[in-house]
Amino acid sequence: MANDDTRSFPPNFVWGAATSAYQIEGAWNEDGRRPSIWDTFVHRPGHVRTGETGDTAADHYHRLAEDLELMSAIGLKAYRFSVAWTRIVPEGTGAVNPAGLDFYDRLVDGLLAKGITPYPTLFHYDLPQPLQDKGGWPNRDTAKHFGDYARVVGERLGDRVDHWITHNEPWVTAFLGHLSGEHAPGKHNPFATVAATHHVLLSHGYAVQALRAAARRPLQVGIALNLSPAYPATNSPNDLKAVQFTDGFINRIILDPLLKGRYPEDFTNGWLWRLLERGLSRKPRSLIQADDFKVISTPLEWIGANYYSRGVVRYLPVIKSMQVRPRGSEYSEMWEIYPPGIFDLLTRLHKDYDHSNWVVSENGVPVHDEVAADGGVHDVQRIRYLQTHIAEVRRAIAAGVPVTGYFVWSLLDNFEWIYGYSKRFGLVYVNFESKQRILKDSGKWFGQVIRANGLPPEG
Ligand code: FCB
């Protein structure tokens, strides 16, 4: 790198913030929007720990103008948001809802007017309920419907939007939705999990093709993956095996089909694959059909990595791997805080996968923020988290990894899935009663980072 200043970033580095539709929009039953699996899930008692729902969330749907002003006040170069399928094609397939398209049209125009690059994500967990009623992601037809929906959005926004994300965290959709049941639709079914994994990946490929077909200009299409580097609890050969298993189970099961056109071999020799095969033999047609991998591995302009924490694992018979909490580490309200993990992740991606454009598509931390007597929100813990992680991203760039962007999760405090409103990730504080917004110290600090195109001196 020509610039030996270890704080400054390459020219045109993309600094952004991210959100998702269900977590911020509210207006859950307005202007033709129909229920998604998250509406169903949160309205059934017992799923969200706080008993809350995203019915009104941060009320972004009605406060678009104010939120655009906040993005501008921070100085964001890019804004990553998700489009709610249930606003665009409310039944999942069939009739298009013009009011839904109008909302994202206004958002995109508002961003462009402020010089902020839109990065829409087509899917952030909110599958239309009518498609769930027909089998959801384990049903192969859902992948086709997703491609059709992608085409509709691409046709409407593709004259102004260059940067696209098909899915947010396919692994979470498949595994938290169908195996652990922590996310909608709340299933505990390994067969459904494997089928959902494959169909979400397939739907990604269909969406890439649909977007390109609808586009009137060259597109930059990517995907945002939850990736977490695994480390052994000890150096015992068994714990190293647990690392290999965890890495396959969480990272390579998604990365390999996308970037190598196949599932990882050590994984296909394991118990999960055998489960898959048993699942297959019960089905009239096979899960993986000819050309699926060609569709799934359609080349992408960029790959997004969402990084929050690492996994430290220990070997256990049968389940092979168990996560442990390393002693002496610092923890946020949700996870271990481990900045070098983002360096290890990015350098590993660069080493093992042949791609020339990596983006940190989410990074952030929940903090128990409070409004101080002076009316500000002094979230020093978040500033420290972002500062230490951005420094590690810079170190990865210096080590030769082509990282071209970094998005903070999140622009706004929002509905954090099963935790309801109890976890605040925003650069902007939201009072969930009044919906009033306050730019936090971290938002101001991130603005300085953007203006300097690098980290300000500490202190
Ligand atoms: C990511 C999700 C996002 C948010 C953050 C904290 O896994 O993409 O919606 O929940 O975690």
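Reply: Ser361 counts as buried because its relative accessibility is 0%. Buried means under 20% relative accessible area, exposed over 50%, and partly exposed in between (1.4 Å probe, protein chains only). The model is predicted: local features need pLDDT of at least 70, side-chain atom pairs count only at pLDDT 80 or more, and totals for chains, interfaces and linings use all residues. Residues are numbered from 1 along each chain as its sequence is written, and side-chain values use heavy atoms, with hydrogens and water left out.

Ser361 sits in strand 12 (residues 358-362). Helices (H or I, at least four residues) and strands (E, at least two) are DSSP runs, numbered from the N terminus. Not counting residues up to four places away in sequence, Ser361 touches Ala18, Arg80, Ala224, Gly304, Ala305, Asn306 and Phe407. Contact means heavy atoms within 4.5 Å.

Now to Tyr406. Leaving out residues up to four places away in sequence, its contacts include Val360, Asn363 and Phe446. Tyr406 and Phe446 are among the residues with the most contacts inside the largest nonpolar core, which has 141 residues. Helix 9 (residues 190-214) gives the largest share of this core, 9 residues. A nonpolar core is a set of buried Ala, Val, Leu, Ile, Met, Phe, Trp, Tyr and Cys residues joined through side-chain atoms within 4.5 Å.

Phe446 is one of the buried residues of helix 16. The buried residues of helix 16 pack against several elements, including strand 1 (14-18) and strand 13 (403-409). Just after helix 16, Asn453 takes a positive phi of about 50 degrees.
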